[in-house]
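Q: I'd like a close look at a single part of this structure. Could you pick one residue and walk me through its surroundings?

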Amino acid sequence: MESMAFSLAYVVPAFGAAIGVGIIGSAALNAVGRNPEKASTIQQMMILAIAFTDALAIIGVIVAILGKVM
């Protein structure tokens, strides 16, 4: 049971990050479709949002590792 909890502690942040990146990408493509001249600005904001989303996933993985160690 402990190994299953540890596996879920890895999977849940990764799944959440994947869903978040998909939503961010979809919204960015929609915004570029509506306003093509702002594509570079939208791309910069999209990359920043993806970085924050991945940072949350990394924090979740670190918490899972610390929970396993302690």
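A: Let's zoom in on T53. Leaving aside neighbours within four places in sequence, T53 is in contact (heavy atoms within 4.5 Å) with A17, G20, V21 and I24. A quick note first: this is a predicted model, where local features need pLDDT of at least 70 and side-chain atom pairs count only at pLDDT 80 or more, while totals for chains, interfaces and linings use all residues. Residues are numbered from 1 along each chain as its sequence is written, and side-chain values use heavy atoms, with hydrogens and water left out.

So where does T53 sit? It's found in helix α2, residues 39-69 (helices are DSSP runs of H or I with at least four residues, numbered from the N terminus). T53 counts as buried because its relative accessibility is 16%, and buried means under 20% relative accessible area, with a 1.4 Å probe and protein chains only.

Now for the helix itself. The 31 residues of α2 should span 45 Å at 1.5 Å a residue, and the end C-alpha atoms are 45 Å apart, which agrees; the expected span is 1.5 Å times one less than the number of residues. Along with T53, the buried residues in α2 include I42, A57 and A64, and what covers them includes α1.

Helix α1 covers residues 2-34 and reaches 49 Å from its first C-alpha to its last, close to the 48 Å expected. Its buried residues include A17, G20 and I24, and α2 is part of what covers the buried residues of α1.

How values were computed:
Helix = DSSP H or I, 4+ residues; strand = E, 2+ residues; numbered from the N terminus. Buried < 20%, exposed > 50% of the residue type's maximum accessible area, 1.4 Å probe, protein only.
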